[in-house]
Amino acid sequence: MAEHGTTQPADGTTPVPGAGSAFHRTLLRRVLPAVAAAGLGVTGIAGVAHGAAGGAQRTAAADFPTWGTRWVVHADADTRSPAVGMINNAVPGKDRITADYQVDTGHRVCEGSACSTYTAHITGPVSGFLTVVAVAVPQDRLPGIPVQGGPPPQPGASRQEMLARAASWLTADNGAPVPYSQDKVWKDGYRQDCSGYVSMALRLPTPGANTVGLATDRGLTRPIALGELKGGDLLVDATGDNNNRHVVIFEKWNDAAHSSYTAFEQRGGHGTDHRSLTYGLPGGDAEFMPYRPVAFGD
């Protein structure tokens, strides 16, 4: 519904000189919606030391656009490992990749002003590991994609999968956010408003539940306390009309004091966003209440 209210790598991972645009990557970092300084990712997930890919969780997957040409796909998470393939072999940004987890290798790879220590495990169009620098997102790691060594999945539906699906709309419109609309539906059949977006993330039937339903239908959610919020839970303002009701997807607390949190939302005048909010917190908009999707089973 409507909103309320530079070290160059030496491992062969970067595109060939002149083939990719560092300016393009920098521009993406500036214009795509994200809170790059907030430390993005699934709640409570931590990176692991430089090393192999064994034992990784594969509970979520999402596809992302890429940029540049001739990015090397490696045999394991170490970007100095042997090449097993290549994306964007001739055409910049031609390939979209599907990633199911990522690894913090501790090895910094840069192209222009874009740097990352994260390597994504991709399942398509080539299977292997690809530096996150090659992915056209404004963060140094993939939003909503689990990091190797993170906590076990929650019972029932996967919170990680929900967050990955929420993150997919950040770049689904040819690298840009899905536009906001209360009338239109996106290519996947879901309404392009806030409740349609949440319905998409939860895999509810198309075109999606409305905001009131997300707050009142006990087959979908149940009320919880603010302190219980985990990644994938919702904060909902179900009062008023369709011009002021709103729902956002909680991802993580930004600090130990719980003074703000990072959330995914579909908001009027912008589209899909990933930013810091205070809805429902002391000093924030008190009409937002916390709810837990019952599909999570806890």
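Which two residues form a disulfide, and how far apart are their sulfur atoms? The pair is Cys110 and Cys115, with sulfur atoms 2.1 Å apart; a disulfide here is a pair of cysteine sulfur atoms within 2.5 Å. Cys110 and Cys115 are both buried, where buried means under 20% relative accessible area, exposed over 50%, and partly exposed in between (1.4 Å probe, protein chains only).

The model is predicted, so local features need pLDDT of at least 70 and side-chain atom pairs count only at pLDDT 80 or more, while totals for chains, interfaces and linings use all residues. Residues are numbered from 1 along each chain as its sequence is written, and side-chain values use heavy atoms, with hydrogens and water left out.

Taken as a whole, the protein chain has 298 residues, of which 55% count as buried. Its secondary structure comes to four helices and 12 strands; these are DSSP runs numbered from the N terminus (helices H or I, at least four residues; strands E, at least two). The accessible surface of the protein chain is about 11,500 Å², and 54% of this belongs to carbon and sulfur atoms, as computed by the Shrake-Rupley method with a 1.4 Å probe; for residues, only the protein chains shown count as cover.

Strand S2 (residues 71–74) runs antiparallel to strand S3 (residues 83–87), and four bridges join them; two strands pair if DSSP finds at least two bridges between them. Within S2, Trp71 and Val73 point one way and Val72 and His74 the other, yet all are buried. Opposite Val73 stands Gly85 of S3.

Thr105 belongs to strand S4 (residues 96–111). With a relative accessible area of 3%, Thr105 is buried. A polar atom of the Thr105 side chain lies 3.0 Å from the backbone nitrogen of His107, and the backbone oxygen of Thr117 is 2.9 Å from a polar atom of that side chain. For such polar contacts, the N or O atoms are within 3.5 Å; within protein, one must be able to donate a hydrogen and the other to accept it, and residues adjacent in sequence count only if both atoms are side-chain atoms.

Ser168 lies in helix H2 (residues 159–168). Its relative accessibility is 15%, so Ser168 counts as buried. A polar atom of the Ser168 side chain lies 2.6 Å from the backbone oxygen of Arg165.
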